[in-house]
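Biologist: I would like to learn how to read features of a fold from a model such as this one. Could you take me through some of them in turn, with the general idea before the case wherever that helps?

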Amino acid sequence: MVAILSNPARALRSALALSPLALLGGCDWVVMNPAGDVARQQADLVIVATVLMLLIIVPVMALTIWFAWHYRAANQDARYEPDWHHSTQLELVIWSAPLLIIIALGAVTWAGTHLLDPYRTIGRIDAGKAVSATVKPLEVNVVALDWKWLFIYPEQKIATVNELVLPTDRPIKFRITSSSVMNSFYAPALAGQIYAMPGMETKLHAVLNREGLYAGFSANYSGAGFSHMRFAMRGLSAQGFDQWAAGVRAESGLLDRAAYLELEKPSEQEAVRHYAAVAPDLFDAVVNLCVRPGKMCMSQMMALDARGGTGKAGGFNTAALTYDKFGREHVANVAPGALLAAEKWVKAMCADNSPTAALSQEWRAPASVSPLRGAGIARPAQSRPTDTLSLAPAALDRAAKSPLS
């Protein structure tokens with residue numbers, strides 16, 4: 001200590017050398033010290049895998065240094081054997097040790113990845129407490145928007161933006177989707193990341209064991225506002241969570257389809273907001289890409305396809321289902337000729353695709369409805385009149401009744 005104090009240059013060098021350690025003291029080791037049991041098991045898996053790999057890496061690195069030192073040119077005592085080329089004992093060690101490590105690593109990883117499958121319901125609250133058969137998981141619907149997070153609580157009938165509040169020691173079931181592009185939902189203190197994709201639903205099961213404030217974010221680049229696509233995750237006791245949900249319900253704000261379409265518009269650094277009520281079918285409509293009026297849901301389209309489809313005569317109805325990020329799939333109260341001329345969606349159905357020809361076409365009922373019957377689809381109750389058909393949105397669930405003449 002006296003030597004260091006007597007030499008300022010040495011003291012400065014020592015301080016600079018130790019400064020990275022001081023910076024490490026401010027790091028948040030949440031991945032290795034999480035608040036959720038699923039993330040805790042994942043951290044244990046990382047530690048076990050790292051130790052198994054170090055069983056090979058450390059001896060190899062140590063032997064590299066030892067061989068370089070022992071067989072240096074200045075060491076006259078080292079054995080010089082230029083013709084040596086093989087050792088059965090050494091070959092056994094070189095190949096058997098890594099093979100055993102790989103077998104052990106593969107077994108641990110295979111078991112861990114299956115037990116921690118995000119679609120698999122959790123079987124324990126923590127290492128010493130199993131999930132009771134009478135406990136109902138809390139369902140949270142997650143929608144990745146541009147560039148914010150929407151959380152819907154179906155049981156509580158509320159929703160939040162950029163705030164995820166969870167009760168501790170209760171299983172959580174996440175249903176996750178995206179509004180436009182692929183994203184990734186990641187709360188390091190809770191569990192591993194899981195992708196959010198438009199038109200699809202992914203699942204994640206987890207549990208939070210400690211109260212506190214934690215961070216969550218998007219782990220997949222999704223555009224200009226990606227850097228600010230973060231949310232706050234709060235862990236509360238069961239009683240505290242119920243009080244929080246009651247407080248949100250006492251606020252104002254309804255998240256219906258119209259409100260969602262406004263919220264869906266791209267925006268950055270959105271403040272936390274609450275909705276006291278939510279349309280009950282909103283999340284399913286988001287997954288099925290049918291939030292906008294006049295759109296058939298993917299599930300309805302697949303049901304029609306499974307029953308044989310609607311044939312060419314139902315082309316106008318299916319044209320309205322085309323997903324368009326600019327919202328041009330909204331066709332309510334639009335004349336068919338104007339639709340084809342302005343948007344040009346269904347070119348293949350027209351012999352002449354010019355705007356004039358499209359505007360002059362009439363949409364009439366067919367002479368016979370029999371060709372419109374798909375496999376298993378019942379015949380319409382009555383024929384439509386021969387005048388121009390109405391394009392009311394209600395026709396979307398009667399796809400076979402709006403054919404192109």
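Predicted model: local features only at pLDDT ≥ 70, side-chain atom pairs only at ≥ 80, totals over all residues.

Biologist: Which residues touch Glu163, and is Glu163 buried or exposed?

Modeller: Burial is judged from relative accessible area, with under 20% counted as buried; Glu163, which is found in strand β6, has a value of 9% and is therefore buried. Apart from neighbours within four places in sequence, Glu163 is in contact with Phe151, Tyr153, Phe231, Ala232, Arg234, Trp244, Val272 and His274.

Biologist: Where is Phe231, and what does Phe231 touch?

Modeller: Phe231 sits in strand β12 and, at 4% relative accessibility, counts as buried. Residues up to four places away in sequence aside, Phe231 touches Trp149, Phe151, Asn162, Glu163, Leu164, Phe185, Tyr186, Ala187, Tyr214, Ala215, Gly216 and Phe217. Take Tyr186 from that list: Phe231 and Tyr186 are 45 residues apart in sequence, while their C-alpha atoms are 9.8 Å apart in space. For the protein as a whole, among contacts between residues at least 6 apart in sequence, 66% join residues at least 24 apart.

Biologist: Now the backbone, please: which features should I look for there?

Modeller: The general idea is that most residues other than glycine have a negative phi, and most peptide bonds are trans. Here, the peptide bond from Asp146 to Trp147 is cis, with omega near -10 degrees, and Trp147 has its place in the loop between β3 and β4. Asn162 has a phi near 60 degrees, a positive value in a residue other than glycine, and Gln269 has a positive phi too, near 50 degrees.

Biologist: Where do Asn162 and Gln269 lie, and is each of them buried or exposed?

Modeller: Asn162 lies in the loop between β5 and β6 and counts as buried at 6% relative accessibility. Gln269, found in the loop between α6 (257–263) and β14, is exposed, with a relative accessible area of 55%.

Biologist: At what angle do helices α3 and α4 pack?

Modeller: An angle over 145 degrees counts as roughly antiparallel. Helix α3 (residues 37–70) and helix α4 (residues 88–115) pack at about 175 degrees, with their axes 9 Å apart, and α3 and α4 are therefore roughly antiparallel to each other. In their contact, α3 contributes Leu45, Val48, Ala49, Leu52, Met53, Leu55 and Ile56, which meet Ala97, Pro98, Ile101, Ala104, Leu105, Val108, Thr109 and Gly112 of α4. The residues of this contact divide into 13 nonpolar, two polar and no charged.

Biologist: Is a loop residue such as Pro171 buried or exposed, and what does Pro171 touch?

Modeller: Pro171 lies in the loop between β6 and β7 (172–178), and its relative accessible area of 6% makes it buried. Not counting residues up to four places away in sequence, Pro171 touches Ile122, Ile125, Val131, Val135, Pro137, Leu138, Ala206 and Val207. For a contrast in a strand, Leu254 in β13 (residues 254–255) is partly exposed, with a relative accessible area of 48%.

Biologist: How many helices and strands are there in the whole protein?

Modeller: The secondary structure comes to 11 helices and 15 strands, and of the 405 residues of the protein, 38% count as buried.

Key:
Residues numbered from 1 in each chain as written. Heavy atoms only, no water. Axes fitted to C-alpha atoms, helices over the stretch in contact; angles between N-to-C directions. Helix = DSSP H or I, 4+ residues; strand = E, 2+ residues; numbered from the N terminus. Parallel < 35°, antiparallel > 145°, perpendicular 65-115°, else oblique. Contact = heavy atoms within 4.5 Å. Nonpolar A, V, L, I, M, F, W, Y, C, P; charged D, E, K, R; others polar. Buried < 20%, exposed > 50% of the residue type's maximum accessible area, 1.4 Å probe, protein only.
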